[in-house]
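Please open the model in your viewer and keep the sequence panel beside it. The stops below each begin with a selection and then say what is to be found there.

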Amino acid sequence: MKKITMQDIADQVGVSRITVWKAFNKPDQVSDECREQIYKTASDLGYNKAVSGAPAFFSEEKENLTVSVIVSRPDSSIFWTNIIHHIAKELSKHNINLLYTYAPSVYSSTYHLPPILSNGTVDGVIVLNIYDPDLIRMISALPVPKVFYDTVSSVSFSELNGDLVMVEGTGAVKELTMHLIEKGKTKIGFVGDIDYARTNYDRFDGYRQAMLDAGLEINPALSFTGNIAIADYEETLNHFVDTMKTLPDAFVCASDYVANFLYQNLEKKGLTVPGDLMMTGFDCNSEYASVAGKLTSVQVDTSYLGKRLTRELLQRIQNPADPYETVYLSTTPIYSLSTED
């Protein structure tokens, strides 16, 4: 028997698929007459879905849910593959199908999201490492429950039309920066594209707060916070260090990925960390050989992050009318050789 979708109901009633979705998930946004017609048509067609506030014939759970992970560059980092792995493990516990949907890193006017995301095939989506504002807004318009891991500063929380899970960075990076200050470092720079991700901006804010609290000058010449294209990190950061008139006492980096390039550049110049300057990162990512086991950084529990993203989505699917949530997961500073005297 053909699976009945929201589009089938919309075609029968003569409304848009989004109107059908709203009738199921946000019934107060659909007129009483239209909503009742949608419910009746859905019942006649044999559509079965658990919907808060809908009539009793929608009370049975769908036998097999399908969740899509929308991801860009899924194999680019162990960090991301670990998260995806634990999403898959958590979904499997609930006998939920996992579907990968690959999206480009940069929006193009010719790109359209696959129809499976809006035709009733998937029951919810988890959005990972999508950092293009236009792509995020495109995804936010999907008529399915959504959970985002991170977003960009130019997209407000209210625009997401979904839940947001973040890792705490402001307090953690403030602690790392204060650690450098306690070591006697006063000329401290921050390196990382703060507009790339909201988490990057949070980390910059932690650095800024620590410097201000200590009464230290934030010298723009010691920092790089501008845009960095995905393919140009090494070239951009090398140019930044090579053209500096004076090196700082320490670099606070938005990620271990950034710290890796800076570390390699300094090493080629015959400089040492922490001998000539100290350095911190974020993510405790051991895949970058030059800094692995040496870098003071911040530990992110990717296994729990994968589980939490999954649980947040299942909660949203079961309770679609609940207010959207922004959840911050705690992180742990890890001190290592790069900040030792």
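The tour goes from the whole chain to its strands, then to a helix, and ends with the aromatic rings.

**Before selecting anything**

This is a predicted model, in which local features need pLDDT of at least 70 and side-chain atom pairs count only at pLDDT 80 or more, while totals for chains, interfaces and linings use all residues. Residues are numbered from 1 along each chain as its sequence is written, and side-chain values use heavy atoms, with hydrogens and water left out.

**The whole chain**

Show the chain as a cartoon: there are ten helices and eleven strands, where helices (H or I, at least four residues) and strands (E, at least two) are DSSP runs numbered from the N terminus. Along its principal axes the C-alpha trace spans about 75 × 40 × 35 Å. Of the 341 residues, 52% are buried, a term that stands for under 20% relative accessible area, with exposed meaning over 50% and partly exposed the range in between (1.4 Å probe, protein chains only). If contact is taken as heavy atoms within 4.5 Å, then among contacts with a separation of 6 or more, 68% are between residues 24 or more positions apart.

Select residues 66–71, strand β1, where six of the six residues are buried, so the strand is largely enclosed by the rest of the structure. Thr66, Ser68 and Ile70 lie on one side and Val67, Val69 and Val71 on the other, so that both faces are covered.

From β3, continue to strand β4 (residues 146–149), which pairs with β3 in the parallel sense over three bridges; here Val125 has Lys146 as its bridge partner. In β4, Lys146 and Phe148 point one way and Val147 and Tyr149 the other, and all of them are buried.

**Asp163**

Select Asp163, which is found in strand β5 (residues 163–167). Is Asp163 buried or exposed? At 0% relative accessibility, it counts as buried. Beyond its neighbours within four places in sequence, its contacts include Lys146, Val147 and Phe148, as well as Glu312, Arg316 and Pro323. Glu325 is also in contact with Asp163, and the backbone nitrogen of Glu325 lies 2.7 Å from a polar atom of the Asp163 side chain.

**Helix α1**

Move to residues 6–13, helix α1, and colour its buried residues, Met6, Ile9, Ala10 and Val13. Seen down the axis of α1, these fall within an arc of 100°, so they line one face of the helix; the arc is that of the directions from the helix axis to the C-beta atoms. Asp11 and Gln12, on the other side, are exposed. The cover over the buried residues includes α2 (17–25) and α3 (32–45). Just after α1, Gly14 takes a positive phi of about 90°.

**Aromatic rings**

Rings of Phe, Tyr and Trp (its six-membered ring) pair if their centres lie within 6.5 Å, and planes under 30 degrees apart count as stacked, over 60 as edge-to-face and the rest as tilted. By this rule the count comes to 13 aromatic pairs. Select Tyr131 and Tyr196, whose ring centres are 4.5 Å apart with planes at 40°, so the pair is tilted. Tyr131 lies in the loop between β3 (124–127) and α5 (133–140) and Tyr196 in the loop between β6 (188–191) and α7 (198–213), so the pair ties together parts that are 65 residues apart in sequence. Both Tyr131 and Tyr196 are buried.

Next take Tyr201 and Phe204, a tilted pair at 6.3 Å centre to centre and 50° between the planes. Both lie in helix α7, three residues apart, about one turn of the helix. Tyr201 is partly exposed, with a relative accessible area of 36%, whereas Phe204 counts as buried at 15%.

Finally, select Arg203 and Phe282: Arg203 lies over the face of the Phe282 ring, at 3.6 Å from its centre, where the criterion is NZ of Lys or CZ of Arg within 6 Å of the ring centre and within 35 degrees of the ring normal.

Terms used. A polar contact is a pair of N or O atoms within 3.5 Å; within protein, one must be able to donate a hydrogen and the other to accept it, and residues adjacent in sequence count only if both atoms are side-chain atoms. Two strands pair if DSSP finds at least two bridges between them.
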